[in-house]
Structures are given as C-alpha cells and as structure tokens.
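Reader: Please begin with the term needed for crossing helices. Then say where the model comes from and how the values are counted.

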Amino acid sequence: MNKILVIGASGQIGTELTLALRQKYGGDTVIAADLKREADLLKGTGPFLPLDIMDKEILRVQVRRNEIKTIYLLVAMLSAAGEKNPLLAWQLNMQSLINTLEVAREEGVNKVFWPSSIAVFGAGAPKENCPQDAYSAPSTVYGISKLTGEQWCHYYFFRYGLDVRSIRYPGLISYKTLPGGGTTDYAIEIFHSAIRGEIYTSFLRSEKRLPMMYMDDAVRATIELMEAPAEKISIRTAYNLAGISFTPAEIAHEIKQLIPDFQIEYEPDFRQAIADSWPESIDDKVARKDWGWKPAFSLKTMTEEMIKHISPGLAVSTKR
C-alpha cells in the first residue's frame, strides 16, 4: 500500500488524524512526523520521525526513503498565537506549504492535504451562512496565510496537476489534545474548567457565535475528502465545512445540564476582535454535493462526549 506521511502529527488535528489513518490503513503505512516529540497518544501505534518542515531537502529525503505517496501537512501557527508574532507565523505557514508542494511535485506524490480555515473570511464576508465563494479580506496573519495558501494549492493543481485538497476548518473541539493558540480555544478550555470545578473566564463575549466542529467530525471529513474520486472535487482552493455554531453562553448552558454548579464569567480580550471578523455560520452545500459531507455531532452530543472523556485527573486548569 502507498505510504502516508503526516507532518505536524503531534498537534491538535495531527494526533487524532494520524490515529484514524492508522486504524483505517494500518499502523506501518502511516508515518507520523513532527519537529516536537512524538505525542503520547501516538506512541506504539506506528513509525515516528523527527522532521523540520522548513528544511525542504530533509523533507525530500524522507519522501524518497519512505516511498511516500500521500502527504497530510498540518503545520501552522494559529490565529491568536500568530498575532503575537506575525512575521514568524507568515514564514512558518507559507514556507511549510511551499516546501511540501514543491517536494510533492518533484517526487511524484499522488495527493496532498493542507488545512485552510474560516479565518480566510474577514469583516466583509456574510455573517450568516457564509458561502463558498464569499469575499475574503482576512484580519489576521493566520487568515492571510491561509487565503494565500489556498491560491497556491489551486495553482499547483492547475499548473502541475498535483492533486491538492483542502478544507476550511471551523473551530475544532477535542478531548484528546489541548488547544494550540487559536481564537476558538475557549470551547475546549471551558470543559477543563468545568470538570475541575473552576469558574471559567471566557475571552469572548457571551453572545459571540462562531462556527465549530467536534474533532471526530473533522477527522472523518478529512479522510472522506481525500478518498473522494478526483472527478468529484470541484474546489481546488478549499471547501467550506460546517458543523455546529454556538456562543459561549450556549455551550455554558449545555455544560450546566451535566455539571449544575458550573459558572462562567466574561473578560473579552484581543481575541474578541478576531472573532468579530469571522462568520457566525458557514454554508457548506458544495462539500455536501461533491463528496457527501454531513456532520454527525450536535452541541448536545458533543458536550456529552467531552465531559464523558475528560476525567478530573486529566483536566487542565485554565485559571490565569
């Protein structure tokens, strides 16, 4: 079977995607790579190699040596972290993609997956049911890099025939991994505070609605997109993808159904302005039409899953 390389495998998406790919295709078929140490959840499930994606020639060596035919590139500096160091975020987010596209083109890789984000949409985009082709004027360096990256993916497909596929992820929620510096991190942090019996202080206003998705849905969507026949793929920038949209007050209400003593406070910070520039809900009808996408988790079922799986011993304090 063709070998798969997951770059950024120890990150929030990478860890769970790698596990799902190994379950589906076999542990030895999926090689996890990261600049950081191997994630604990990945240990013993398949091969791991240290890799600096900014070194193009090292990437080429590993692609050749391991006969890689599919690459999932999940390296990125996210929105909130990127605003603290915008030039580094641009360099990491762009150069990692260019290195991957170039090596894939030159070494005969069959498919590449690269994640985009709802951060490509700026204040001028529709807030409700933001369409696939909505005007994009992102307000963060993360969004700028994702919008630019979408165009590079489009270019490599039409210029070189490289089968690059992408999804505009909403905020992703997982119990297996901690948040990584994004504007939607509150939707993970809030569960850890609730389970530890702490008052959670939200960095977004109570009524700020954002598109979100449970990680199981995001991983499934990624694999379904990559398995879809090429002739079904009509979008060569990145597909809109929708799961659930909710506010901090609404997720707090759901948590209180299971943890009645839970309390939340609100102290919006710089991330509020980022969130205000994004859509509140996403129209993903193109993904549904092209490759049959359909989310499985609601706010209620996602909340039940998160609370069931995060034990008090694993919950991390979010007090500042």
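Author: A crossing is left-handed if the near helix is turned anticlockwise from the far one by less than a right angle, and right-handed if it is turned clockwise. Helices (H or I, at least four residues) and strands (E, at least two) are DSSP runs, numbered from the N terminus. This is a predicted model, in which local features need pLDDT of at least 70 and side-chain atom pairs count only at pLDDT 80 or more, while totals for chains, interfaces and linings use all residues. Residues are numbered from 1 along each chain as its sequence is written, and side-chain values use heavy atoms, with hydrogens and water left out.

Reader: Is the crossing of H8 and H11 left-handed or right-handed?

Author: Helix H8 (residues 248-258) and helix H11 (residues 299-309) pack with their axes 10 Å apart, at an angle of about 55°. This makes H8 oblique to H11, a class left over once angles under 35 degrees count as roughly parallel, over 145 as roughly antiparallel and 65 to 115 as roughly perpendicular. Axes here are lines fitted to C-alpha atoms, for helices over the stretch in contact, and angles run from 0 to 180 degrees between N-to-C directions. The crossing of H8 and H11 is right-handed.

Reader: Which residues in H11 meet H8?

Author: Contact means heavy atoms within 4.5 Å. From H8, the residues that take part are Glu250, Ile251, Glu254, Ile255 and Leu258. Their partners in H11 are Leu299, Lys300, Met302, Thr303, Glu304 and Ile307.

Reader: Does Leu299 count as buried or exposed?

Author: Leu299 lies in helix H11. Leaving aside neighbours within four places in sequence, Leu299 is in contact with Ile244, Phe246, Glu250, Ile251 and Glu254. Buried means under 20% relative accessible area, exposed over 50% and partly exposed in between, with a 1.4 Å probe and protein chains only. At 16%, Leu299 therefore counts as buried.

Reader: At what angle are the planes of Trp152 and Tyr155?

Author: A pair of aromatic rings is described by the distance of the centres and the angle of the planes. Rings of Phe, Tyr and Trp (its six-membered ring) pair if their centres lie within 6.5 Å, and planes under 30 degrees apart count as stacked, over 60 as edge-to-face and the rest as tilted. The structure holds twelve such aromatic pairs. For Trp152 and Tyr155 the centres are 5.9 Å apart, and the pair is edge-to-face because the planes are at 90°.

Reader: Why are Trp152 and Tyr155 separated by about one helical turn?

Author: An α-helix has 3.6 residues a turn, so residues three or four places apart point the same way. Trp152 and Tyr155 are about one turn apart because their spacing in helix H5 (residues 141-160) is three residues.

Reader: How far apart are the ring centres of Phe157 and Phe158?

Author: Phe157 is partly exposed at 24% relative accessibility, whereas Phe158 is exposed at 57%. Their planes are at 85°, so this pair is edge-to-face, and the ring centres lie at a distance of 4.9 Å.

Reader: Which residue lies over the face of Phe157?

Author: A charge sits over a ring if NZ of Lys or CZ of Arg is within 6 Å of the ring centre and within 35 degrees of the ring normal. One such case is Phe203, where the charged end of Arg271 is 3.5 Å from the ring centre. Over the face of Phe157, at 3.9 Å from the ring centre, lies Arg236.

Reader: How many residues of helix H6 are buried?

Author: Helix H6 (residues 186-196) is mostly covered. Among the buried residues are Tyr186, Glu189, Phe191 and His192. Of the eleven residues in H6, the number buried is ten.

Reader: What is the phi of Glu67?

Author: Glu67 lies in the loop between helix H2 (56-65) and strand S4 (68-73). Glu67 is exposed, with a relative accessible area of 60%. Although Glu67 is not a glycine, its phi is positive, at about 55°.
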